[in-house]
Each structure stands twice: as structure tokens, then as C-alpha cells.
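Please look at the sequence and the 3D structure below before reading on.

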Amino acid sequence: MQFRHNTEWADDPLTEMHPRPLEWIEHADDIHKKVVLVDWMLGNRCNYACSYCPAALHDGTIGWQSLEDVVGMIEALQEHYQEGLGSQVWLQLTGGEPTLHPKIKDILSAARAHEMKVSLISNGSRTERFWQVIRDKLDSLILTYHLEEADFEHVRRVIAILSEVIHVQVNITMNPDRFDESYDVARKLGQEFPRIGIVMKPLRLEFRNELYPYSDEQLAKMRERVSNPGGSGGKLRHPRGIMVRNNADGSRETFRPNEFIMRGENRWKGWTCDAGIESLRIAGDGGVFRAVCGVGGRIGKIGGDIALPEGAVICTKESCSCVADILISKFKWD
């Protein structure tokens, strides 16, 4: 099944348009249909060690990827996706804490030189001076607020510095044991910065499929909107947005990604998924996959041979637990 960037369907399969799927999930904003989001883990060193975070995501056992390998991969992405498929590459750099990479400024400059968009998923702990220096090399920031470690006043100042010039989303990790404190942080930030994105992020045990034991009241609170960042308005301000589910009865529903998880409606085994076309995952050891879930298996390693995808893949996973993977177009054909 070849990948599409549109959903023009025909009831007559002899026409040039594709036959209509039984159900499908697509981007609410057409501008996101031509973006390939590269979720790129540069290493696993972090200055935080949160109680709910697996050691493999912060203990520094994986060394930082070299600048040479990173730049080589950026060049391959430009050739395959931007020149070959006509998509916009958007790098989403993660860790560990990606701002600790000793060559992070050079990496950001290389991405800019190859006309790519760039986001960081960061805890925001670097100095205000650091953020002032790099903010013009970023298109957006996803700041993950960890109540156990973060300095609230410092985070406020970082948001103020960056939200002047780029889109900022704050993901607040909702530990059930400190839920009310985290909820208060979300409300405070929403009142002070009403135009940023704020997501109250449910935690999964060991970052796998099962949610922490939230009460019904807590689940309801996490669905509240405490800010109003607005849509893209036809302008590419962030790599992804919300998704629309087109049901078999012809109805349509709009979902934020966390809603799929909280409602247990994140199961698409057997569907056709545009993982590898709308997304790519580069693991901390340099392994390259179509998506964070690893569907389709490893397709190469940075610094070596990589078979970058040209078509979609059939989902083989029991559930879709990562927000980046949920935000990929999916199609059910029978």
C-alpha cells in the first residue's frame, strides 16, 4: 500500500483515486500531512532522575552521537524526504536531556543549513542565557515539567524567553501521588501564558502500555484545556496537532493524542500506518526505525547503511502508546 498525502477517495475503484477505507485517522490540519517528524534520541544522559523514569532514559550509559554521524544523517533525510518525497523534515531532538549534548548548537545550525524545522523535548533546566542563544535556531520547544526536579520560577522565565518567538508546549507529568500539585502548576501556567500549549500528561508504568492507577476524577481533569494556543492558520508552527477519526458510519471525531490513550482507543493492529513516511525514529544507539514503537523492525543505523521507507507499513503492535506514533495517519481497509 503506497503512502498518500491526501484523503481523496473514490467509491469506484477503477478511478484514479484510491478506494475509501472503512475507517481512518488523519491530521485535522492539512499542513501536517506533508511533514515527516523525526524523533531523534541523541543519547541518554540527563541531569534529572525522576522516580517514574526508567534508568535507560537518563543514566548516561549511551554515549552522545558524534556530530559527524548526526550531520550525515541530516543530509540523508534531506535527500530522501525533502528532495525525494517533497515533505518537510522536522527534527524532534530528545534524550536524556538533549541540551546537554556538547555539540547541540552545531547540530541546530546544521539542521537550519539543510532547511529543516527543529524542536527540542527538554526539561528546560539550562540557563536563561543558553536559551537566549539558541532560540533563533528553534521552531518549537516541548518543555516537560517534572515536579520532582523542576524549579518552577526558572521554568516560568524560560517559557517567557521562548514564547516570545516560537511555539512552546509544556507537558506536565501527572504523578498520581502529587496530582493536585501538578494540576495547580498547569492552571498557573495557563493563566500566565494563555497562548502556549499545556498538556497534562498521563504517565505509563515503565513508559509502556499501562497507565498509572488514576481515578476517574483525575482522568477528567487531565482532559481539561487550561490554555488556548490556537490552530496553525496555514502556517507550520509545530510538527503535529490534533487528529480526526473518520468512523465507518460516516461520523468524524476530533482527538488530542492523550485522549486516545486515556479512553483506551489506541489500538490499530492490522491497520495500514504511514510510519516511516510521516515519521522516523532514531534511537540513542543510532538505530533507525519507522516509528518509536519499532514497527517494521530496524532499517539501519546512522553512520551506516539505511533503507529509508517509500511506502506505508501494516501495524503489528497491540497498542500505540507513544504520542509521536499516535500522531501518524492510519487506515483500516476491512
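## Overall make-up

How many helices and strands does the secondary structure of the protein come to? The secondary structure comes to eight helices and 17 strands, where helices (H or I, at least four residues) and strands (E, at least two) are DSSP runs numbered from the N terminus. The model is a predicted one, in which local features need pLDDT of at least 70 and side-chain atom pairs count only at pLDDT 80 or more, while totals for chains, interfaces and linings use all residues. Residues are numbered from 1 along each chain as its sequence is written, and side-chain values use heavy atoms, with hydrogens and water left out.

The C-alpha trace of the protein spans about 60 × 50 × 35 Å along its principal axes. For 334 residues, a compact globule would have a radius of gyration near 20 Å, and the 19 Å of the protein agrees with this; the radius is taken over C-alpha atoms, and the globule rule is 2.2 Å times the number of residues to the power 0.38. Of the 334 residues, 54% are buried, a word that stands for under 20% relative accessible area, whereas exposed stands for over 50% and partly exposed for values in between (1.4 Å probe, protein chains only). Among contacts between residues at least 6 apart in sequence, 70% join residues at least 24 apart, and a contact here means heavy atoms within 4.5 Å.

## Helices α1 and α2

Helix α1 (residues 67-85) and helix α2 (residues 104-113) pack at an angle of about 20°, and their axes are 10 Å apart. Such axes are lines fitted to C-alpha atoms, for helices over the stretch in contact, and the angles run from 0 to 180 degrees between N-to-C directions. The two helices α1 and α2 are therefore roughly parallel to each other, since angles under 35 degrees count as roughly parallel, over 145 as roughly antiparallel, 65 to 115 as roughly perpendicular and the rest as oblique. The crossing of α1 and α2 is right-handed; a crossing is given this name if the near helix is turned clockwise from the far one by less than a right angle, and it is left-handed if the turn is anticlockwise.

Which residues make the contact of α1 and α2? On the side of α1 they are Leu67, Val70, Val71 and Ile74, and on the side of α2 they are Asp106, Ile107, Ala110 and Ala111. By class, this contact has seven nonpolar, no polar and one charged residues, where Ala, Val, Leu, Ile, Met, Phe, Trp, Tyr, Cys and Pro count as nonpolar, Asp, Glu, Lys and Arg as charged, and the others, Gly among them, as polar.

## Helices α4 and α5

Helix α4 (residues 152-163) packs with helix α5 (residues 179-192) at an angle of about 30°, with 12 Å between their axes, and the crossing of α4 and α5 is right-handed. Here Phe152, Arg156 and Ile159 of α4 meet Val185, Lys188, Leu189 and Glu192 of α5. By class, the contact of α4 with α5 has four nonpolar, no polar and three charged residues.

Gln191 also has its place in helix α5. Is Gln191 buried or exposed? With a relative accessible area of 63%, Gln191 is exposed.

## Around strand β6

Val118 lies in strand β6 and is buried, with a relative accessible area of 0%. Leaving out residues up to four places away in sequence, Val118 touches a list of residues that includes Trp90, Leu93, Leu108, Ala111 and Leu138. Pro239 is 121 residues away from Val118 in sequence, and their C-alpha atoms are 9.0 Å apart in space.

In the loop between α2 and β6 (117-122) sits Glu115, which has a positive phi of about 60° although it is not a glycine. Glu115 is exposed, with a relative accessible area of 61%.

## Other loops

The peptide bond from Gly95 to Gly96 is cis, with omega near 20°, and Gly96 lies in the loop between β5 (88-94) and α2.

Asp285 is found in the loop between β13 (279-282) and β14 (287-289), and at 42% relative accessibility it counts as partly exposed. Although Asp285 and Gly43 are 242 residues apart along the chain, their C-alpha atoms are separated by 7.4 Å. Ser319, in the loop between β16 (313-314) and α8 (323-326), counts as buried at 11% relative accessibility.
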